[in-house]
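Please read this short briefing alongside the sequence and the model. The points are grouped by topic.

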Amino acid sequence: MKQIKINHIIVATLLAMLMGACSLERSPLSNISDNEFWKDPNRASMALTALYRGEITNGVEFAPSDFWSYGGFLYTEHLTDNGFDRRGENAPYFQISSGKLLNNNNMIRIYWRAAYHRIVNCNRFLQNIAAIQQTPAIVRMTAEARFLRATQYHYLASYFKDVPLVTTVLTNEESNNVKKTPQADILKFCADEFKAAAEVLPSFNNLPASDKGRACKQAALAFLGRTYMLMKDWKNGAETYKQIIEMGENAIHPRYQELFWPKTGIDNKENIFYIAYLSNYFGCGMPQHLMSAKDNGWSSSNPAGGLFEAYEFKDGTPFSYDDPRYNPNNLGENRDPRLDYTIYYNGATFKGTTYIISPDSSAAKKQKLDYATEASKTGFLWRKYFNEERIEDITSYSAVTPIIRYAEVLLSYLECQLENGEPITQALLDQTINAVRGRNDVNMPAINETDANKLREILRHERRIELAYEGIRYWDLLRWNIAHEVLNGPIWGAPYPNSAAYEKSTKVVDPTGHFRWYVGRRDFRNPQDYSWPIPLSEQNINPNLREE
């Protein structure tokens, strides 16, 4: 997302105009194409800014405002074995993947509305910009709008599956009678749009500094690759990701943590497409939600114990509580460095002070691990996206949230090659998964497994670790068709073997004897929970969208 100070009256007015429509154009703003605004080609870039923003909230958001807002993007980890929503098992977000998803779920309604809101505005933008003289700048903006529209259909097809495909400006009557389009046709549309956009968009290296974060050729190709993966078209997926690799413009950044920090997150060759908030102008409330009470936060988003256990020991062997290298007083000791880059835990230093969370600690100080205190419900919090610098305003933070990283490109290329039945060579492993694991500040042992079945599990594990809390895990679990296996059973938090209060405080005592805190449970249903139902509010308006 382009970093823009949204403080000019004309831009603010434009945003208000372009963001006024409801999903599927039920409040059409037909006068926009007739007024003076579109007669000035230079103002098209202002309209494009609104398309990039979508419904993303400025400041603190209390529900996911957009697929790309921090709440809408990162919080999908709450639907997986990577995270937990502190608001608990009755929260609408948690219910999406816990066997309680209904068509009146407010979270899926918000996602639906936000996606179609951006789609409607893209359709209007494309209709109006077509009447302007087609200069190179206008042609590029047209490609950007097509790219942005296709990304929203990509998300809708990923989660809702069959949805209306709307590519023109509709009247009220038309919008109330649209019909569902099969997922396969939606994905074909996305693939065609991403290919067309990639033909026009400038490459990553050809984006001027002022345009960093705007859609580039590699971003369109990466979404094209994701689309082919959903289609299980592994051959075309591999060829698409190979194009990005062979362009040679992107690389693994030497420092993992810097990819998610203000400033360094937007000035590297790995983050291909991202959302960059700007404090005091268009900041986000991520620190308010993610940080603990000691830093004036709400501890709203909690890493799960399953993610903590997934990080290997430094020599690449799986973690085990029975291994002498496990230190219950320093959970990051002897582990993959990405553990400490991603999460923190009881006794860890964060923002210059020690984080305390334990069944034995003070509820008054919001340091007690229980089921009532406004503190982490797993004993873990997220370090990713924060450096040690002081944050002036925790409700308006300059967060950088990558949507497409080169690390994902490399891992996806390997997956496509593997699933397409191509020979797995050491050279391919070194080019992909080992380049990710060999990052300077990670330096995990290289993978040399070439058996496809064994490598598949290694690769899926690596995606989980490398891309943790980046909005990828839920998408992966659904497309791999393993969500019903992974998201069933108890959810465990951090281990507390030295706690005097553990057995009397936890709702369920850990049967393994490792003193893990009990958090809750999921009961993902197969096949119901693999598809989100179309929101009841939409079905009530349009009978064509009703469930059969």
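**Backbone and helix contact**

Asn 334 sits in the loop between α12 (305-310) and α13 (338-342); helices (H or I, at least four residues) and strands (E, at least two) are DSSP runs, numbered from the N terminus. This is a predicted model, in which local features need pLDDT of at least 70, side-chain atom pairs count only at pLDDT 80 or more, and totals for chains, interfaces and linings use all residues. Residues are numbered from 1 along each chain as its sequence is written, and side-chain values use heavy atoms, with hydrogens and water left out.

**Positive phi**

- Asn 334 is not a glycine, yet has a positive phi of about 65 degrees.
- Asn 334 is partly exposed, with a relative accessible area of 29% (buried is under 20%, exposed over 50%, partly exposed in between, with a 1.4 Å probe and protein chains only).
- Lys 351, in the loop between β5 (349-350) and β6 (353-354), also has a positive phi, near 55 degrees.
- Lys 351 is buried, with a relative accessible area of 17%.

**Cis peptide bond**

- Asn 526 and Pro 527 are joined by a cis peptide bond with omega of about 10 degrees.
- Pro 527 is in the loop between β10 (516-523) and α21 (536-541).

**Helices α2 and α5**

- The axes (lines fitted to C-alpha atoms over the stretch in contact, with angles from 0 to 180 degrees between N-to-C directions) of α2 (residues 44-53) and α5 (residues 106-129) come within 9 Å and cross at roughly 160 degrees.
- The contact (heavy atoms within 4.5 Å) involves residues including Leu 48 and Tyr 52 of α2 and Cys 122 and Phe 125 of α5.
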